[in-house]
Amino acid sequence: MSNTPQFQIVAEPFDIIVIGGGINGGGIACEAASRGLKVGLYEAKDFAMATSSASSKLIHGGLRYLEHLEFRLVKEALSEREILLKKAAHIVKPMRFRLPYRDTMRPKWLIRTGLFLYDHLARRGTLQASQQIAVRSTDGLAAELKTAFEYSDCWVDDSRLVISNIKHAHQQGAEVRNYCEVRSIRRGESYWCVTLYDQRLQCEVVRYARAVVNATGPWAAQFLDKCSEESSQHQMQLVKGSHLIVKQLYPGDHAYILQNEDKRVIFVIPYLDKYSMIGTTDIPYTGDPYKAQASKQEIDYLLSICNQNFAAQLEPDDVLDSFSGVRPLFGQQNLPAQKQSRDYELVMQTKRTLPVLSVYGGKLTTYRRLSQKAVEMFEEYFSNMLPSESETSTFAEATGFNPRALQRQLYKQYPYLDKLCLDRLISLYGVATWQVLHSLDDSQLPVVSDLYQCEIDYLQQHEWAHNWDDILQRRTKLCYQLSALEREALTQRPAGL
Ligand SMILES: Cc1cc2nc3c(=O)[nH]c(=O)nc-3n(C[C@H](O)[C@H](O)[C@H](O)COP(=O)(O)OP(=O)(O)OC[C@H]3O[C@@H](n4cnc5c(N)ncnc54)[C@H](O)[C@@H]3O)c2cc1C
């Protein structure tokens, strides 16, 4: 028996309890709740705290996966790109990618074939086709680079994609809680008994459900082995990937995909208007995924590839910030990380009609289809599920989203607000910007920078933000905008937020 006070909350059992509030847990909770199921979603820390806020933030087919003949994954990812461009229009943006050509790397015919497949493997709506272009002297690339290939993919605010899914799940009736770690799942006579520790209430809570989804990402195998009577059917290979933030490296709003001699590619992506984000690496990892950090070797590796391709030369001191995430890969243990599949697998383990489904692997890009397939696997247990609408439905923030029109209306309605502040809000909240600002009047001053109390209130009341990290790192990216002094001023504010 644990010494922790235990509250036996008497509540109606859930149909499904989802464990883990990353993109896959958030997506599955959203899909299940939209199909009429009674859902509980519990996240040990903050939503998107782990891998789902440390990605390269691309909604992409994955051009380089074609080399590993992962046609199924690339086709699915390219189709999802089209769906997400509409579904989450407020946070998913088209982006052009340039691949500078070097004759010592992949041959031109191989690149052209790859790009042809990339353009045609799935239906492409508004995204432009690929083309070969001449490098201009103003592009900022190394002088010997004369030619590049250009193709389309999309950028996404990863942690906000998670939040949009979780908000949608909540709007459909799901109970969603962050800072609640699930400590054990046990099969009872008719229900799963799920014990969680609520960090904010500082007590254990017991919940019941007819089915459980283990969407704990890098912890998926460990969770089953340690917290349930099941054992994991896959062992995961954990691979750390790091990104560096530097001052904007070149003009323009396109990204670069750079080839390296080790056959890996890295991206340089415009970030938050004034930065470039450089990543990623693939380093086998055995530590705690929450504590992953960029090592000196990773920093040197990423900078050296940049320095081979750009005229401006970067030093480690130019790195303003870095972040690292851990990819949960499954497959052959002896393959190097870059050759491991980025595909996913859903494994259902059933006894006495009480199923537990585990999610292994996956990409941000394919989360919606993964979630749809995961919930379909429960159809035999819940015969009255509604049809899935996730392919055609849009998030509330993206419904009727027309950025130009919204910008015009907001500039008019809030003439006393800085236009850059309104643009920032539109890029985070889409049409929900109206809701964020509804209690603002022209007498209010910002708390710091362009952060007003109404935005803080909105994030607390509608997006489960409980501390400054939740707000500055994941709900907004204000951590990059505030000075050290402003951040310090915030943490000194009484009563938490
Ligand atoms: C460096 C890097 C770059 C990437 N770039 C891209 C990209 O550009 N595009 C793309 O499509 N994909 C990308 N990916 C892949 C993508 O980010 C991941 O596939 C995805 O985020 C995994 O989501 P998840 O929900 O499975 O895991 P996570 O986001 O890690 O979520 C799992 C959650 O479970 C919680 N949890 C763990 N144990 C418990 C417990 N006992 N109780 C409650 N909660 C628990 C954790 O706190 C965590 O929040 C990238 C991955 C990495 C590492």
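Which helices each supply at least two residues of the lining of the largest cavity? They are helix 1 and helix 7 (367–376). Helices (H or I, at least four residues) and strands (E, at least two) are DSSP runs, numbered from the N terminus.

The model is predicted: local features need pLDDT of at least 70, side-chain atom pairs count only at pLDDT 80 or more, and totals for chains, interfaces and linings use all residues. Residues are numbered from 1 along each chain as its sequence is written, and side-chain values use heavy atoms, with hydrogens and water left out.

## Cavities

Rolling a probe the size of a water molecule over the atoms shows where empty space is left. Here the search runs on a 1 Å grid over the protein atoms alone: a cavity is a set of points where a 1.4 Å probe fits but cannot get out, and a pocket is an open set with protein on both sides within 12 Å along at least five of seven lines. Lining residues have an atom within 4 Å of a point. Grid points are joined across faces, edges and corners, and a volume is the space filled by probe spheres set on the points.

By this rule there are three cavities of 30 Å³ or more. The largest cavity has a volume of about 40 Å³. Its lining consists of Gly27, Cys30, Glu31, Lys87, Asn165, Tyr367, Arg368, Ser371 and Ser390. By class, two of these residues are nonpolar, four polar and three charged. In this classification Ala, Val, Leu, Ile, Met, Phe, Trp, Tyr, Cys and Pro count as nonpolar, Asp, Glu, Lys and Arg as charged, and the others, Gly among them, as polar.

## The largest pocket

The volume of the largest pocket is about 1,400 Å³. It is lined by 35 residues, of which Lys93, Leu272, Asp273, Asp423 and Ser427 are the closest to its centre. Two or more lining residues come from each of strand 5 (92–100), strand 14 (265–271), helix 8 (403–413) and helix 9 (419–429). Helix 9 gives the largest share, seven residues. The lining divides into 16 nonpolar, seven polar and 12 charged residues.

## The ligand

The ligand is surrounded by 38 residues, and the closest are Glu43, Ser52, Tyr290, Gly362 and Thr365. The shell has 16 nonpolar, 17 polar and five charged residues.

Ile23 uses a backbone N or O atom, 3.2 Å from a ligand oxygen. Glu43 has a side-chain N or O atom 2.6 Å from an oxygen atom of the ligand. A polar backbone atom of Val182 is 2.9 Å from a nitrogen atom of the ligand.

On its own the ligand has 1,000 Å² of accessible area, and the protein covers 97% of it. Accessible areas come from the Shrake-Rupley method with a 1.4 Å probe; for residues, only the protein chains shown count as cover. Helix 1 (23–34), strand 9 (180–187), strand 12 (236–247) and strand 17 (321–330) are the elements that give two or more residues to the shell.

## Individual residues

Buried means under 20% relative accessible area, exposed over 50%, and partly exposed in between (1.4 Å probe, protein chains only).

| Residue | Relative accessible area | Class |
|---|---|---|
| Glu82 | 7% | buried |
| Pro218 | 9% | buried |
| Leu364 | 11% | buried |
| Ser449 | 32% | partly exposed |
| Gln202 | 54% | exposed |

Glu82 lies in helix 2 (residues 71–87). A polar atom of the Glu82 side chain is 3.1 Å from the backbone nitrogen of Gly125.

Pro218 is in the loop between strand 11 (203–214) and helix 5 (220–227). Its C-alpha atom is separated by 32 Å from that of Lys274, 56 residues apart along the chain. Leu364 is in the loop between strand 19 (354–361) and helix 7. The C-alpha atoms of Leu364 and Met385 are 25 Å apart, with the two residues 21 residues apart along the chain.

Some backbone angles also deserve a note. Gln202, in the loop between strand 10 (192–198) and strand 11, is not a glycine but has a positive phi, near 55°. Ser449, in the loop between helix 10 (433–437) and helix 11 (453–462), is not a glycine either and has a positive phi of about 45°. The peptide bond from Gly279 to Thr280 is cis, with omega near 15°. Thr280 belongs to the loop between strand 15 (275–279) and strand 16 (283–284).

Conventions:
Near = heavy atom within 4 Å. Polar contact = N/O pair within 3.5 Å; in protein donor to acceptor, adjacent residues only side chain to side chain.
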